Amino acid sequence: MPKKSGAAPADSTILRQFVARPREVGAVWRSSPALGIAMAEAVRWPETAAVVEAGAGDGAITEHLLAAKPSGTPFLAVELNRMCAHELARRLPDVRIVVDDLANLCSICASEKVGEVGAVVATLPWSVIPEDKQTSMLEAILETLGPDGQLLFYIYIQALPFWRRSPFAKLLHTSFRTIEHGSVVWKNVPPAVVFSCRGLRRAPNPTG
Ligand SMILES: C[S@@+](CC[C@H](N)C(=O)[O-])C[C@H]1O[C@@H](n2cnc3c(N)ncnc32)[C@H](O)[C@@H]1O
């Protein structure tokens, strides 16, 4: 007889939290390995500056980021949902996790003594988050990123046409010199496109 571990199967945490908080979780299924690998390949891994993953969920992307990460690069996962964070800690016990809102990224990084942040991998459901909340989270990212900082995220293909006209996309274009995207990752439900933003136009935070 297989032993019961008492923990939820990895796939059910996102689904159950989606039922409880659809606009916060924004996905029925965790991301696929194909999307995790595409995200990890898009990161320009810093040697010493930290990488922060926000909206880490139960760790579907996190495990691929950790596999690609240089050993010296500090890594922090930020997740708002306690149940997701609990499952993430169970699956990846060595990951430093903060249960908090991405909008508080500056204070999180200060209290965790993260130092310079080289990349933020924001695997949140951007297209279903209210616009004012999107803006406050993006402002927190912009304030936290170091001068050569990179922002990565994915958008589900059905949301792309609306998303391209959103205030979030406009703010990205005024904040970064380069916004690139990969091809559609079809092996994900739903298929998604990975975006990478670099070349901050804003003056770097003097304290960051
Ligand atoms: C679409 S799920 C993605 C989970 C995982 N990254 C993946 O790709 O499978 C979005 C995650 O973002 C988290 N989230 C939503 N709003 C957040 C916020 N303001 N700050 C931090 N995490 C947030 C949700 O709790 C959820 O775990």
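**Reading burial and helix packing in a predicted model**

Ala-56 lies in the loop that runs between strand 1 (50-54) and helix 4 (62-68). The model is predicted.

Q: Is Ala-56 buried or exposed?
A: A residue counts as buried if 20 or more other C-beta atoms lie within 10 Å of its own. Ala-56 has 27 C-beta neighbours inside 10 Å and is therefore buried.

Q: Leaving aside neighbours within four places in sequence, which residues are in contact with Ala-56?
A: With those neighbours left aside, Ala-56 is in contact with Thr-62, Ala-77, Val-78, Glu-79, Leu-88 and Thr-123.

Q: Which residues touch the most other members of the largest nonpolar core?
A: In soluble globular proteins, nonpolar side chains tend to be buried together. Here the largest nonpolar core holds 55 residues, and Met-39, Val-78, Val-120, Val-121, Ala-122, Ile-141 and Leu-152 touch the most other members. Strand 5 (residues 145-156) supplies the largest share of this core, 7 residues. Beyond its neighbours within four places in sequence, Val-120 contacts Val-52, Ala-54, Ile-141, Thr-144, Leu-145 and Leu-151.

Q: How are helix 7 and helix 9 oriented to each other, parallel or antiparallel?
A: Angles under 35 degrees count as roughly parallel. The axes of helix 7 (residues 131-144) and helix 9 (residues 167-175) cross at roughly 20 degrees and come within 9 Å. The two helices are therefore roughly parallel, and their crossing is right-handed.

Q: Which residues make the contact of helix 7 with helix 9?
A: Helix 7 contributes Glu-131, Gln-134, Thr-135, Leu-138 and Leu-142, while helix 9 contributes Pro-167, Phe-168, Leu-171 and Ser-175. By class, this contact has 5 nonpolar, 3 polar and 1 charged residues.

Definitions and conventions. Residues numbered from 1 in each chain as written. Predicted model: local features only at pLDDT ≥ 70, side-chain atom pairs only at ≥ 80, totals over all residues. Axes fitted to C-alpha atoms, helices over the stretch in contact; angles between N-to-C directions. Helix = DSSP H or I, 4+ residues; strand = E, 2+ residues; numbered from the N terminus. Parallel < 35°, antiparallel > 145°, perpendicular 65-115°, else oblique. Left-handed = near helix turned anticlockwise from the far one by under 90°. Contact = placed C-beta atoms within 7 Å. Nonpolar A, V, L, I, M, F, W, Y, C, P; charged D, E, K, R; others polar. Core = buried A, V, L, I, M, F, W, Y, C linked by C-beta atoms within 7 Å. Buried ≥ 20, exposed ≤ 12 C-beta atoms within 10 Å, placed from the backbone.
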